[in-house]
Amino acid sequence: MKLLILALKNITRHRLRSLLTMAGVAAGMFLFTAVETMQHSLAKVTQASADDTTLIVYRENRFCPATSRLPEHYLPTIRRIKGVREVIPIQIAVNNCGASLDVITFRGVPAEDLRKYNPDLVVIAGSYENWIKRSDAALVGETFAQRRGLKTGDKFEAVGINVHVAGILKSKESQDNNVAYVHLPFLQQASNIGLGTVTQFNVKVTSSDLLDPIAKAIDETFRSDSQPTVTRPEKAFFAETAKQMIELIGFTRWLGLGAVAAVLGLVANAVLLIVRGRVKETAILQTLGFSRRQIASLVSFEGILLGLLGGAIGVISAYLFFHWQSFTLGNEGLTLAITPSPTVLLKGLLVALLLGLLASLYPAWRASRQHVVQSLSQ
Amino acid sequence: MFITIRNLTKSFKKGPNLITPLQNLSLEAPRGEFLALMGPSGSGKTTLLNLIAGIDSPTSGDLMIDDHDVARLSRAQLAKWRSRHVGYIFQLYHLVPILSAFENVELPLLLMPLSRSERRARIDAALDLVGLSDRAQHRPTELSGGQEQRVAIARAIVHDPGLLVADEPTGDLDGESARSILALLTSLSQDHGKTIVMVTHDPKAAAVANRILHLEKGQLVNPTATPASAVS
C-alpha cells in the first residue's frame with residue numbers, strides 16, 4: 001500500500017506524459033470494449049442456453065422476410081402438436097433485407113395474442129388498449145423509438161407503411177425493443193402480401209429439451225404441403241440467418257486484439273522511459289535499503305496504475321457510449337442490439353490491469369537488476 | 001557500530017584491464033567514532049565507503065560491522081541490513097523532487113513495519129533534530145542547498161541506524177551551510193553515538209572528525225593520524 005501511494009506520486013511527476021499515455025490506453029481500451037460489447041451482444045442472441053424455448057418456423061429455402069410466405073392456417077395445426085405452449089403468426093416488413101445499421105422492422109401480430117404470447121412486454125408510454133382499438137396503431141420498441149425520436153401520438157411512415165404510435169414498449173428481449181408491433185391484418189394489407197399469409201410462426205414450447213423434437217415434428221407435418229417449412233430454435237435461426245453480420249462482427253475480434261497489443265506497447269514504452277529516466281533515483285532507493293522485489297513492485301505499480309486508470313476511462317466511456325447511443329445492427333429483419341454489459345465492463349478493467357502488469361514486467365526487471373554503485377556514478 | 005576490516009580488496013574488470021581500487025586494506029573504528037577518509041581522486045575513498053555502506057561487495061577480505069559479516073551477505077540480505085543499520089548521506093543530497101521534506105524523510109520507514117503515527121513521530125523527531133520542523137511540507141525545490149542536505153541527513157537518521165556514511169556531504173555547500181552540517185554530524189557522533197565515516201577533500205571538514213585516514217592507490221598511508229596532524 002505504501003509503495004502504491006509512492007507509485008501514484010511518481011506518475012504525477014510528468015503529468016503531461018502520464019496523461020498522454022493514459023489517453024492512448026483509454027482509446028485502445030475503448031476500442032477493445034466496443035469490440036467485446038459487440039461480441040457479447042452477438043453471443044447473447046446466438047448461443048443456446050437451457051432457458052431457450054422458442055422456435056421459428058420459416059418457409060423452406062427462404063431467408064429474407066420478403067420471400068418467406070406461409071399460410072396463416074398452419075397456426076391451429078402447429079398449436080395441436082404435443083409440447084407446444086404458445087404460437088403466434090408474424091408478418092414482417094423491413095426496409096432493408098441486407099446487413100444495415102438502421103433497419104426498420106414492422107411485426108404484424110394478432111392484436112389479441114401479443115400479450116398472451118409475450119407477457120414480459122411492458123408498455124412504458126401510451127397504452128396497450130389504445131393499440132388494440134386502432135387498426136393502424138403501432139407499439140414501438142423503446143430502442144426503436146429512441147433511435148427515431150418517436151413518442152406516443154406521433155405518426156410515422158417507413159417501408160411505405162403509415163402508422164400511429166399508440167405506445168412505447170420495453171422488453172427483456174432486445175428484439176422486441178427494436179421493432180414496431182402492428183396489427184397483423186393491417187400489415188398484410190399495407191405491405192400487399194395479402195390476408196392469410198404470414199412470414200413466420202414463433203412457437204414457444206414447454207421445455208428446452210423439446211426444441212428439436214418439436215421442430216422436426218412441425219417440418220414433418222408440412223413436408224408434403226405446398227409451403228414446406230424449416231423450423232429452428234430462435235438462436236440457431238439468428239445465427240444462420242444473420243451469417244454476414246456474424247462474420248463481420250467476428251472479424252472485429254482482430255481489431256480488439258490489435259487494440260490490446262497497442263495498449264501493451266504504449267504502457268511498456270512509457271514505463272521503460274520512466275525507468276530509464278530514474279536510474280539514479282532507483283539507486284538512491286536501493287541505497288536506502290529497498291530490495292530488488294520492492295523496486296520491481298514500485299515500477300510494476302506505476303505500469304498497473306497507468307493501465308488501470310487509462311483503461312477505466314476507456315472502458316467506462318465505451319460502456320456509457322453504448323448505453324446512450326442504442327446501436328443496432330440488422331440483417332434480414334433480425335436485429336442485434338449492441339448493449340453494454342457489466343460483464344464486459346469488468347472484463348475490460350481486468351484486461352487493463354493485466355496489460356499494465358504485463359507491460360511493466362520487463363522494465364521492472366531491468367530497474368531491479370541495475371547495479372547500485374554504477375547507477376550512482378552516472 | 002564497531003567496524004573491523006581485514007585485508008579488504010576490491011577489484012573489477014574494465015575492458016581488458018583489472019582495476020584494483022582497494023588492496024589489502026585493514027582498519028578498525030570503534031562505536032561512535034567519526035572517521036574522515038581523505039585522499040586524491042581514484043585513491044579508493046568512495047569504494048571503501050560503498051563497501052562499508054553495503055552497496056558494493058568486496059572481492060576478498062573481511063568486513064565486520066558489529067556482529068554482521070557484511071562481506072558475505074547476499075544482495076537481498078545486504079538490502080535488508082542497509083535498511084536497518086545504515087544511513088547514507090550524498091554530496092548532492094539526492095532527494096526525490098516530487099516528495100515533500102516529510103515524505104523524503106519517510107522513505108526508509110516505508111520498509112519498516114510501523115504504523116502511520118509511529119512513522120510521523122519518528123519523522124517529526126528527525127526533522128526537529130536537523131532544525132527543519134517548519135519546512136516539513138516544502139519540496140526540495142523550495143529549500144536551500146543547506147536545508148536540502150539537512151533533510152538528507154534527517155532521511156539518513158530517521159530509522160535510527162548505528163552507522164552513517166557520508167560522501168562529500170559539504171562538497172556542494174557554501175561555507176556557512178557546510179559548518180552547520182559538520183556541526184550536526186559531530187553532534188550525531190558525540191551525542192547520539194553514531195559511527196560516522198565521511199569522505200571529503202576538504203581538510204576543514206576532515207578536521208571535525210576524531211580520526212583522519214589518508215588513502216593512496218587503494219591503501220592507507222597514515223592509519224593512526226589525528227585530525228591536527230593530518231590537517232597540518
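Student: What makes strand 1 (residues 3–14) and strand 4 (residues 60–65) of chain B a pair?
Tutor: Two strands (DSSP runs of E of at least two residues, numbered from the N terminus) pair if DSSP finds at least two bridges between them, and strands 1 and 4 of chain B have 5 bridges in the antiparallel sense, so they meet that definition. Within strand 4 of chain B, Ser60(B) is the residue opposite Thr9(B). This is a predicted model, in which local features need pLDDT of at least 70 and side-chain atom pairs count only at pLDDT 80 or more, while totals for chains, interfaces and linings use all residues. Residues are numbered from 1 along each chain as its sequence is written, and chains are lettered from A and ligands numbered from 1 in the order in which they are written.

Student: Why do strand 2 (17–29) and strand 5 (68–69) of chain B stand at the edges?
Tutor: The order in this open, antiparallel sheet of 4 strands is 2-1-4-5, and strands 2 and 5 of chain B each have a single partner strand, so one side of each lacks a neighbour in the sheet.

Student: What is in contact between chain B and chain A?
Tutor: Contact requires C-beta atoms, placed from the backbone, within 7 Å, and 17 residues of chain B meet 16 residues of chain A in this way. Helix 2 (residues 75–85) of chain B supplies the largest share of chain B's side, 5 residues.

Student: Which residues does Leu37(B) touch, leaving out those up to four places away in sequence?
Tutor: Among them are Lys45(B), Leu48(B), Val197(B) and Leu215(B).

Definitions and conventions
Two residues are in contact if their C-beta atoms, placed from the backbone, lie within 7 Å.
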